[in-house]
Amino acid sequence: MASRAREMYIEEGNAVRKTVAVPRRQEERPVPRKRRGRKTYKRSAIKAEQSMGFDLKYTLVLAIMLVMVILSCVVMLTVQGSVENKERKIESLQEEIQDIEADNTAYENKLNSMYSLEDIYNIATGELGMVYSENGSIIYYENEQGDYVKQYGDVPKTAD
């Protein structure tokens, strides 16, 4: 029975397609104890050394990556600090603008309420000698040369 070949069937669906004969493995010969121990020890030592993973290249790459992460954290914290400082400066400038606008509005209201129309009329007629225009005292002048007029003399009483 030991010399008989085993048969293995590959099935696809419900039909058997192919029969493959698989021979039995030959029995391994025993290796003397002294040699087996040395080979096993060497193999296990090599595997242990390979599986250790902390060789020089790995350690250098790990150290470089660690330095890069630390530097990027430092850069990020510095940039974040400068952004926060600029935000504080912007807020203080906005507060200053609001204060100046409030002062400007107060001055404008003070100027608007300083003189009434009656006060302006009294100053214009009394101190400056101005008078209201009467009918016919307004003279219209047409300028054909440009959009403004320079007056070098008196305006004529009648337009020619």
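Buried means under 20% relative accessible area. By that cut-off, 1% of the 160 residues in the protein chain are buried. The model is predicted.

**View 1. Overall layout of the protein chain.** Three helices and two strands make up the elements of the chain. Read from the N terminus, their order is β-β-α-α-α. Among contacts with a separation of 6 or more, residues 24 or more positions apart account for 0%. The accessible surface comes to about 17,000 Å². Carbon and sulfur atoms hold 56% of that surface.

**View 2. A nonpolar surface patch of about 860 Å².** Eight names label this view: Leu111, Met114, Tyr115, Leu117, Ile120, Ile123, Leu128 and Met130. Two elements, α2 (56–114) and α3 (117–127), each give two or more residues to the patch. Helix α3 supplies the largest share, three residues. Met130 lies in the segment after α3.

**View 3. A negative surface patch with Glu and Asp side chains.** The patch is formed by Glu84, Glu87, Glu91, Glu95, Glu96, Asp99 and Asp103. One of these residues, Glu95, is found in helix α2.

View 4. Is Glu95 buried or exposed? Its relative accessibility is 51%. Exposed means over 50%, so Glu95 counts as exposed.

**View 5. The segment after α3, with Met130.** Met130 is one of the residues that make the nonpolar patch. Leu128 is another member of that patch. Helix α3 itself spans 117–127 and contributes three residues to the patch.

Key. Residues are numbered from 1 along each chain as its sequence is written. This is a predicted model: local features need pLDDT of at least 70, side-chain atom pairs count only at pLDDT 80 or more; totals for chains, interfaces and linings use all residues. Side-chain values use heavy atoms; hydrogens and water are left out. Patches are made of residues with over 30% relative accessible area and no salt bridge: like charges are joined within 9 Å, nonpolar side chains (Val, Leu, Ile, Met, Phe, Trp, Tyr) within 5 Å. Accessible areas come from the Shrake-Rupley method with a 1.4 Å probe; for residues, only the protein chains shown count as cover. A salt bridge is a side-chain nitrogen of Lys or Arg within 4 Å of a carboxyl oxygen of Asp or Glu. Helices (H or I, at least four residues) and strands (E, at least two) are DSSP runs, numbered from the N terminus. Buried means under 20% relative accessible area, exposed over 50%, partly exposed in between (1.4 Å probe, protein chains only). Contact means heavy atoms within 4.5 Å. Lys and Arg count as positive and Asp and Glu as negative; His and the chain ends are not counted. The place of a charge is taken as NZ of Lys, CZ of Arg, CG of Asp or CD of Glu.
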